[in-house]
Amino acid sequence: MNLAHAPLPELYVSPDSASKLKLEAADLPSWDLTARQVCDLELLMNGGFNPLRGFLSEADYDSVVETMRLTDGSLWPMPITLDVTEKFAEGVAPGQDIALRDPEGVILAILSVSDKWVPNKAREAEKVFGADDLAHPAVNYLHNVAGKVYLGGPITGIQPPVHYDYRARRDTPNELRAFFRKMGWHRVVAFQTRNPLHRAHQELTFRAAREAQANLLIHPVVGMTKPGDIDHFTRVRCYEAVLDKYPASTTSLSLLNLAMRMAGPREAVWHGIIRKNHGCTHFIVGRDHAGPGKNSQGEDFYGPYDAQDMFKAHQDEIGIEMVDFKHMVWVSERAEYQPIDEVQEGHTVLNISGTELRRRLQEGLEIPEWFSFPEVVAELRRTKPARSKQGFTLFFTGLSGSGKSTIANAVMVKLMEMGGRPVTLLDGDIVRKNLSSELGFSKEHRDLNIRRIGYVASEITKNGGIAICAPIAPYTATRRAVREEIEAFGAFVEIHVATSLEECEKRDRKGLYKLAREGKIKEFTGISDPYEAPENPELRLDTAGLEVDYCAQQVILKLESLGLIAA
């Protein structure tokens with residue numbers, strides 16, 4: 001038997017044992033898994049993260065962070081830990097079992113806790129992601145989303161997470177290995193992607209399979225990818241639309257429920273181990289593979305070939321061979337795609353970047369057939385219509401008394417006068433009364449209030465409406481989380497009403513600043529609690545000395561320039 005196709009160990013118990021464990025788990029402390037933890041747990045249980053047998057112990061975590069290896073010497077580049085809140089951790093001790101449940105409360109596994117510790121997240125960011133820089137989505141997640149305490153220990157799998165979508169396309173490592181055995185595929189090259197497939201990708205994968213003399217597995221990630229990516233439902237429809245462009249019986253499509261970290265070189269090695277576990281013999285590693293984009297200095301986090309270099313250094317140990325990602329360009333004179341380094345001198349080269357593709361989609365411009373398949377473009381236009389037809393959110397932020405609500409009301413009236421899309425105002429005071437009446441003004445409660453506003457705004461945006469939000473929203477991390485939630489469905493336009501604290505105090509109609517100065521209101525933004533001003537809002541307004549109508553008009557002009565409303 002081909003060793004690459006031999007069955008892998010899984011962490012599931014038998015159905016009879018699972019039934020008993022479900023009953024016993026009723027008395028255990030329960031942790032409701034986050035979306036990322038559900039992805040990690042599924043790949044732990046089905047062997048996708050082999051050789052791991054659970055969430056990393058503290059010793060293994062330290063070793064992985066420092067050396068990309070487990071304490072037994074096995075290559076493993078990514079910390080896989082169960083992060084929990086401090087409050088939950090207080091009731092848990094090593095030697096104890098906890099039930100791991102999905103967001104609906106269904107028990108998926110039992111964790112036998114062996115370790116509990118507070119990690120050095122700055123060190124983890126530096127070592128794993130190359131920099132402790134919040135511009136990196138995984139570093140932002142680490143500091144602003146993940147729990148403060150890590151738990152480690154072996155997993156007893158009870159049942160996999162339930163997926164109601166694309167069930168026939170979701171394969172465990174052992175199911176893929178069995179499929180390859182059945183089909184007689186001895187050499188399989190995997191293509192990792194989190195984007196729709198266009199013609200250049202098709203040509204690239206054709207060439208990779210031919211070069212490796214292998215069959216092709218298109219293996220896209222449908223777990224968590226980079227914030228702002230096209231949703232996986234749209235992407236899978238795009239993959240299915242082009243599958244028949246590949247020769248019959250040589251190519252298969254399978255979905256991988258992985259939560260990406262966008263960790264560049266380390267991520268490439270991790271992806272290779274995961275594909276080896278799924279029975280693949282070759283893996284395509286791209287230029288800037290799993291790169292997150294620019295850092296806070298405006299430079300790429302990783303060099304374009306760092307991932308390929310690190311993968312090459314470890315491919316023998318992984319047991320999977322790297323196939324270089326060729327940068328494919330359209331050569332007009334030959335009417336075909338060619339690797340850029342093979343193009344004849346004097347020939348005309350055409351290419352459309354991801355940024356340019358997004359611009360053309362946003363503005364409803366033509367996307368040429370040489371670039372993408374009509375079926376793919378049709379799917380993308382269905383999900384991402386031109387910006388002037390999308391929903392969007394206007395998010396005003398600023399100190400109390402800065403003029404946010406007044407401008408928001410004026411903008412709402414102007415947008416309603418234009419018509420075309422429903423407009424909803426989510427003003428801070430209105431939300432406090434109707435959505436968050438039980439909340440106080442602690443940092444935790446203020447964050448929760450903003451997240452509720454963001455959730456409602458994302459639903460309005462998703463359904464093609466305009467949401468206008470006008471809370472104080474003093475914290476950068478919370479505003480970023482709301483932006484990411486909304487940008488999955490439409491545009492997010494941040495407007496910093498940058499009226500000075502002195503001017504806001506002068507206007508103090510409600511007498512709140514006076515009470516805060518006297519210490520009668522605790523944690524008051526601008527006095528006893530900080531306001532973190534946005535660094536790069538789409539628009540900044542200082543209302544001192546300006547008419548409300550002028551400020552509202554500046555917002556309308558900004559929306560016109562962004563293509564969100566017709567000029």
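How far apart do the end C-alpha atoms of residues 170-382 lie, and how much of the span is helix and strand? I found the end C-alpha atoms 24 Å apart, with 38% of the span in helix and 14% in strand. Helices (H or I, at least four residues) and strands (E, at least two) are DSSP runs, numbered from the N terminus. The UniProt annotation "domain: Sulphate adenylyltransferase catalytic", from an unreviewed entry, covers this span; such annotations, placed in the numbering used here with shortened feature names, may be inferred rather than shown by experiment.

I noted that the model is predicted: local features need pLDDT of at least 70 and side-chain atom pairs pLDDT 80 or more, whereas totals for chains, interfaces and linings use all residues. Residues are numbered from 1 along each chain as its sequence is written, and side-chain values use heavy atoms, without hydrogens and water.

I looked up the domains, whose bounds come from an automatic or database assignment. They are domain 1 (15-157), domain 2 (167-330) and domain 3 (387-562). The C-alpha centres of domain 1 and domain 3 lie 36 Å apart.

I then traced an open sheet of five parallel strands, in the order S17-S18-S16-S19-S20. Strands pair if DSSP finds at least two bridges between them. Strand S17 (423-427) and strand S20 (539-541) each have a single partner strand, so one side of each is left without a neighbour in the sheet.

I checked S19 (residues 491-497) and S20, which run parallel and are joined by three bridges. His-496 has Arg-540 in S20 as its bridge partner.
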